[in-house]
Each structure stands twice: as structure tokens, then as C-alpha cells.
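Colleague: I have a model open on my screen. Can you walk me through how to read its features?

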Amino acid sequence: MAASPIEVGSNDARYEALRRGFNQRWIAKPDYVVVATTADDVVAAVAKFRSNPANSERRITVRSGGHCYENFVSSGDVGVIIDVSQMNRVYFDPKMDAYCIEAGATNWHSTTQLYRSTGLALPGGSCYSVGLGGHISGGGYGLLSRDFGLTVDYLYAVEVVTVADGKTPKKTVACKDSADESLRDLWWAHTGGGGGNFGVITRYWFRGLRQPPAQVLARSVAWQWEDFRKRPDLFKSLVRRYGQFFEYENNGTLPAASFGTYKYRDLFTLLKLTHMSSGKVGLIIQLDGTKDDSVHRLAAFMKWITADFKTGDTYHVEETPLDQAIGEHPAQGALFIPTRLPWLTATQSINDSGPNRCGKYKSAYMTKGFTEHQIDAIHRHLTDAKYTNPDALVQVDSYGGAVNDMGTEETAVPQRSSVMKLQYQAYWTWGTDADKNGVYDYLDAEQDPEIAGPHLRWIRNFYQDVYGPTGGVPAVVDPAYPATQDANTDGCYINYPDVDISDPKLNTLGQPWHQLYYKNSYKRLQRAKKLWDPHNIFRHAQSVAVPRTT
């Protein structure tokens, strides 16, 4: 007889830790947390929850790594959280002829276990503790993606605990080449449809994984905000030229006078445009270090984006080491001088999650460089003297390359023409003993919601200003919305969820949240929802809706 799954109730010392994730804004009050170690544990947990009539209005949610940005996993209506983080094996499955990664594995597991044993890599994210259960299903990407594509571009099969009849959960394996069309729909739904929509993901299988370069060339630099305050035009030049580089690179129109015949698919960068109270703006760079021209290509890139920083022999903005943590990445001071490192070593060097704190996030896909309106708005809010937060920024990730080789309908990720992906971030701690009990904790935020107020207002105003011409959101071009005709954006990233885009006061364009995330993929996602979760057991504030029957 199979053992029952581990249940952690409110009287257990582990409960406080397991009812929350990394974002301390969201803390659930479930009856218990299930620590699942097998797919059978998940089946048993779902069956038990569904058998209790008292749970009809309560949610069952799933946690892999715990990095959900909104309260999709942890909120007041959650009855049970299924924690799959102990299901973290990485191995070759000869029956599937594919590499299996369990849903509780993290980026760290896939990076270290897969690479050390096989020399292969999944092009996942740089934050080591992000769980692959949600990362992959939302179309995860990382430092290898411009050269290799997205994680889902290699997905062959997925195992999901589904409850199609609303009563009896079962393990369902859906493959890319399943004979049953409904299974193919379920597989496709997990190639970018996001987590928490169709069932509990327990395993993924991948085919065609590639070898990363044996070595990478890494460099991290920073510029003082003090210099940019004196010369705002040079801050704007950096943002403008950075965006232009990736637009031109994507179009094959990089100026020959600056770049000759250089190719840059292997280049991945993170430009960290911080609030001025941080003191520094940062840039993290990696590219294939095994190529003979890597050092020259890196130098050409840096010279291009900083072309206006120097007049004659005079530097108006000086390069400095990135010697402080910014956003979710640690200090990179040792990489001020271009450094050649083994791929695994370089990947580990930027792996971090940042401290436990509260956070609010927003996102945008960009199909071209920045407009002058956008550049002015970015500068305006990053130099807002009425707001002080060293941990507030917009991070601009390079994108495109191999990502854009895939067709828009081959996976559930339809954004296959973008050149950059933006992540707006604001972090804070409770910092106020609102309930006067001598300590800081989440109860202070419950007592005084205004602890989060300045940060939420800043990031919301920032976002609305940048995308003001398209109603405060990074719109998808659609003839039904005339304001989007000339938009250089392509919606939002489901793995950086943001409930604000569902709010008509903040999204005045009126383009639905699901169009911003999924574009035309949403209809097929709804078809999968109707087939595999017609009773809407797996749901959250922005989950795929069961289509209405007419």
C-alpha cells in the first residue's frame, strides 16, 4: 500500500516557510501544504482535496520554486498548496529517448546535473532557484536563448496530473507526436501557456538539447548615476543605442563601419537601468568565448553603445566595476576586465535570487528599439526625486536570435519577432513596525498597506508613462485598436505576471490581458482548458478561462 504524501499543517514548524514563496507580499493560509515526492503523491493530494465538499470554492495551487510574482499560488482562497520541489531528478529516459527533468527541479538542477553528466544544457534562466515547473510551462528563457532558443523549443513531452471529470485525478502523459489530438493540445498548452491552468505538472521530457560553448567571455560594467545626472543626454544615448543595436542585429543591418562582418547571436546582455538612488547603472554581458573574434566583438559592442560618452580624449561618463548587487543579480566587480571562464563557472557566477523581500513586477516585449517618448519616460521615472529606492529598476534583456526562428504557432509562445524583453522591478522590505510588536514581519503589511504604496505607485506610473501612447500597456499590434498601429511592443510575458494589465483603470487601451500574454494562441489554450480542466479546478486571477458554450 502506497504511503500517504507528507502534509504540513499550521501546527508544524515548517508551515510558516512552506505557505509562502520568495515574494513576501503573498502569504497563504492553506489548511496544509503537501510535500509531494512522486506523481502518485500529487494524485492522492488532489483526490483528497476534491473529495471534500468544503473545498468547492477554494483553490488548489502548486509550487515548484516559489518565484510567482503575483498571488497565483499564495492567497486567502487557497485550501492546499502542493509543493513539488522534492521532485527534482534529472536523468535520461530510454523509453522516451529523451532527457527527463522533474517539475520540482530548479535552474540550478538542470544547469549542474544535466551539464556535468551529459555536457548538454537547457536554455533556461540565470536565477538558480527558479523552479522549472513554472519556468518551462511559461516559455522560459536565459543566457543561451539567443543562440539556442527557448526551453519549450526542445519540449517533447509533459506529465500532468489532470482532473478532466472534476473528480478523479490521473497521470496524463502528452507528447508532441501523440496520436490523440487532445493530448497534442495538452502538450502544446505547456509550451508557453503558463502554470496553474490545466493540472499539476510533474515531469518534462526534452529532445535535441545542445552543448553550450566550453567557455564564455564575460564582462560586467557600471556607470555612475552622478555622471548621468550631469549629462542626461548620455543616459538617453545609452538606452537608445542599446535598443538600436538589437533592432539592427535582428534585421541584419548593423553598420558595417562599426561591426564589419561580426555576428552576435551568441551575445546575451542584461542592461540594468536603476533608479538613481542606486548610484550605478549596470550591464552584464556574455558571449561564446571559444570564437577567435569574441574579444573584438565585445569591444565593438561596447564602443557602439557608449559612442557618445567620449569627446576627443575626454570621458564624460566613466566605466566602473559593477561592484554592487542590482535587482536579482549579485555584484560582478571581478568581471570588470573581460574574463574567459568555463560556461558552467560563468553561469554560476551570476546565479542569485536576491534576499527575501516584497516585490512588484511588469514586463514588455519589444520588436524595435526605444522611441524618444519611451526613452524620456524611462529617464524621468528613474530620476524621480520624490521616490527613493536603490532596488527599483527596469532590466532590459537582449532577445531574438534563435528565439525568432520558431513560428508563432509552433508553441504557445507567440512573441517570435521581439528583440528585447523588459522587466520592471521594485523591491522593498516591511521596514515599519506597524502593529507595534517589536518586530518586522508580514503582519505589519497587513496592518499598514501603505508600506507598499510608494513602490506600487512608482512602478505603475512608470509603466503607464512609458506606454502612454498605447493606453498604458505594451500593446500587441492589432487593427481593432488603432492606437497600436505603430507600436514597437508585442505584449507581456506570462512568467512575469502582472494583474494590473487586467485593470481598466491601468490598461486604458482595453486590449485584454490574455491578448497581451498570448495573442492568437489564447483560443487553442482555451480548447485545451475545455478538454482537460472543464471544471476550472486549476485557476488563478489570470488563468486560462474555460470557453463559454453557445
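This is a predicted model: local features need pLDDT of at least 70, side-chain atom pairs count only at pLDDT 80 or more; totals for chains, interfaces and linings use all residues.

Colleague: What is the volume of the largest pocket?

Modeller: A pocket is an open set of points on a 1 Å grid over the protein atoms alone, where a 1.4 Å probe fits, with protein on both sides within 12 Å along at least five of seven lines. Volume is the space filled by probe spheres set on the points, which are joined across faces, edges and corners. Here the largest pocket comes to about 360 Å³.

Colleague: Which residues are closest to its centre?

Modeller: Lining residues have an atom within 4 Å of a point. There are 21, and Gln24, Arg25, Trp26, Ala445 and Glu446 lie closest to the centre. Helix α13 (residues 442-447) gives the most to the lining, three residues. Helices are DSSP runs of H or I, at least four residues; strands are runs of E, at least two; both are numbered from the N terminus.

Colleague: Which residues have the most contacts inside the largest nonpolar core?

Modeller: In soluble globular proteins, nonpolar side chains tend to be buried together. A nonpolar core is a set of buried Ala, Val, Leu, Ile, Met, Phe, Trp, Tyr and Cys residues joined through side-chain atoms within 4.5 Å. Buried means under 20% relative accessible area (1.4 Å probe, protein chains only). The largest core has 152 residues, and Trp223 and Phe301 have the most contacts inside it. Helix α8 (residues 232-251) gives the most to this core, with seven residues. A second, separate core has nine residues, including Val33 and Ile81.

Colleague: Is Ser363 buried or exposed?

Modeller: Ser363 sits in strand β17 (residues 358-366). Ser363 is buried, at 1% relative accessible area. Its side chain reaches the backbone nitrogen of Tyr493 at 2.9 Å. Contact means heavy atoms within 4.5 Å. Not counting residues up to four places away in sequence, Ser363 touches several residues, among them Leu422, Pro474 and Cys492.

Colleague: Where does Ser178 lie?

Modeller: Ser178 is in the loop between β8 (170-175) and α6 (181-189). Ser178 is buried, with a relative accessible area of 10%. The side chain of Ser178 reaches the backbone nitrogen of Cys175 at 2.8 Å.

Technical notes:
Residues are numbered from 1 along each chain as its sequence is written. Side-chain values use heavy atoms; hydrogens and water are left out. Buried means under 20% relative accessible area, exposed over 50%, partly exposed in between (1.4 Å probe, protein chains only). A polar contact is a pair of N or O atoms within 3.5 Å; within protein, one must be able to donate a hydrogen and the other to accept it, and residues adjacent in sequence count only if both atoms are side-chain atoms.
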